[in-house]
Amino acid sequence: MAADATSAVTPPPAPAGICAGRVVIVTGAGRGLGRAHARAYAAEGAKVVVNDLGVGRDGSGEPDGPGEPGGPAHAVVEEIRAAGGEAVAHGGDIATPEGAASLVRAALDTYGRLDTLVNNAGFLRDRMLVNLDEDDWDAVMRVHLKGHFLPLKHATGHWRAEAKAGRVPHACVVNTSSGAGLLGSVGQGNYSAAKAGILGLTLVAAAELASYGVRVNAIAPTARTRMTEQTFADTMAVPEPRAFDAMAPENVSPLVVWLGSAASEGVTGRVFEVEAGRITVMEGWRPGPTADKGARWTPAEAGEAARGLLADAEPPRPVYGAR
């Protein structure tokens, strides 16, 4: 029996999921964690703007232009579409004002709204401090710290305008820090400093943007990516078949998706470590043992007091490599 005309043109049902109807930007989404996040958001019903410049692990190489087929951003878009989701590629440099602005425009022009920004793009240029060139310092600061600030700035400009027009958004930002930003990492002074800066930016943004309906949180993930699979080859090795792959980047994405959904309402200014099946709320600098003389110390007195306080303080956790 032939289908009637009405049933032939009936649109497919809207995708289900905790992000159904939301529009999400993910930077650095061509590989690794970003790719996992983009696919996970799409699986939960979001429309995803997949940003990736298509450069090497250290940021070198010619980027894939936004119109060039075969680049990593386009590959992820095709994966999402093949699974029934919606996505569009963006190949701009989000560490430039023009690239960050065009990223936000891509979401608005394609889908008419923006609900969530996931700042994830980055690369490594590891050196011990005595061998670290200024160019390598600047490049890592640029992609990680400036590459978080500029998309945040342009997305916030849109959300502030919405709030002032009486359309207060339920907007979310998820920033990507690292254990190196929390504790430091030998051989990664530039990366550790940039990732620590992201934590400070997260706390300030959460406080400043709350009145516009924007929540801002950060993650410090541990997973197998191009930045970790060589440096930590043993830890990041793929397990035997059917064993739990603790270092799979897909383990991190469920929390990132939740943080970028309306379900995380009320959660802002928080930092989470995420590894394998473990989620930890990180608690930042808090006052420890204190001594107060009520007057100025002499250097010898200050030193003696400091020694006594350190004896009562928690020992520092050891520094380690990038996660």
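I began with Asn119, which is buried, with a relative accessible area of 0% (buried means under 20% relative accessible area, exposed over 50% and partly exposed in between, with a 1.4 Å probe and protein chains only). The model is a predicted one, so I kept in mind that local features need pLDDT of at least 70 and side-chain atom pairs count only at pLDDT 80 or more, while totals for chains, interfaces and linings use all residues. Residues are numbered from 1 along each chain as its sequence is written, and side-chain values use heavy atoms, with hydrogens and water left out.

**Around Asn119**

I found Asn119 in the loop between β4 (116-118) and α5; helices (H or I, at least four residues) and strands (E, at least two) are DSSP runs, numbered from the N terminus. Not counting residues up to four places away in sequence, Asn119 touches Thr27, Gly147, His148, Pro151, Leu152, Val173, Val174, Asn175 and Thr176, where contact means heavy atoms within 4.5 Å.

**The chain as a whole**

I noted nine helices and eight strands in the protein chain, and of its 323 residues 44% count as buried. Among contacts with a separation of 6 or more, 71% come from residues 24 or more positions apart.

**Cores**

I looked up the largest nonpolar core, which has 28 residues, and those with the most contacts inside it are Val26, Ala38, Tyr41, Val48, Val50, Ile80 and Ile219. Such a core is a set of buried Ala, Val, Leu, Ile, Met, Phe, Trp, Tyr and Cys residues joined through side-chain atoms within 4.5 Å. At least two residues of this core come from each of β1 (23-26), α2 (32-43), β2 (47-51), α3 (72-82), β3 (86-90), α8 (253-259) and β7 (271-275). A second, separate core of 22 residues includes Val104, Ala171, Leu209 and Val214. Leaving aside neighbours within four places in sequence, the contacts of Ile219 include His37, Val174, Leu255, Phe272 and Val274.

**Helix pairs**

I then took α5 (residues 134-164) with α7 (residues 189-209), which pack at an angle of about 15 degrees with their axes 8 Å apart. Axes are lines fitted to C-alpha atoms, for helices over the stretch in contact, and angles run from 0 to 180 degrees between N-to-C directions. The two helices α5 and α7 are therefore roughly parallel (angles under 35 degrees count as roughly parallel, over 145 as roughly antiparallel, 65 to 115 as roughly perpendicular and the rest as oblique). By class, their contact has 13 nonpolar, six polar and two charged residues; Ala, Val, Leu, Ile, Met, Phe, Trp, Tyr, Cys and Pro count as nonpolar, Asp, Glu, Lys and Arg as charged, and the others, Gly among them, as polar.

For α4 (residues 97-111) and α5, I noted axes that come within 8 Å and cross at roughly 45 degrees, and α4 and α5 are therefore oblique to each other. Here Pro97, Ala100, Ala101, Leu103, Val104 and Leu108 in α4 meet Leu150, Pro151, His154, Ala155 and His158 in α5; by class, this contact has nine nonpolar, two polar and no charged residues.

The axes of α2 and α3 come within 10 Å and cross at roughly 25 degrees, which makes α2 roughly parallel to α3. I saw that Arg35, Ala38, Arg39 and Ala42 in α2 meet Val76, Glu79 and Ile80 in α3.

**Ala276**

Ala276 lies in the loop between β7 and β8 (278-282) and is buried, with a relative accessible area of 18%.
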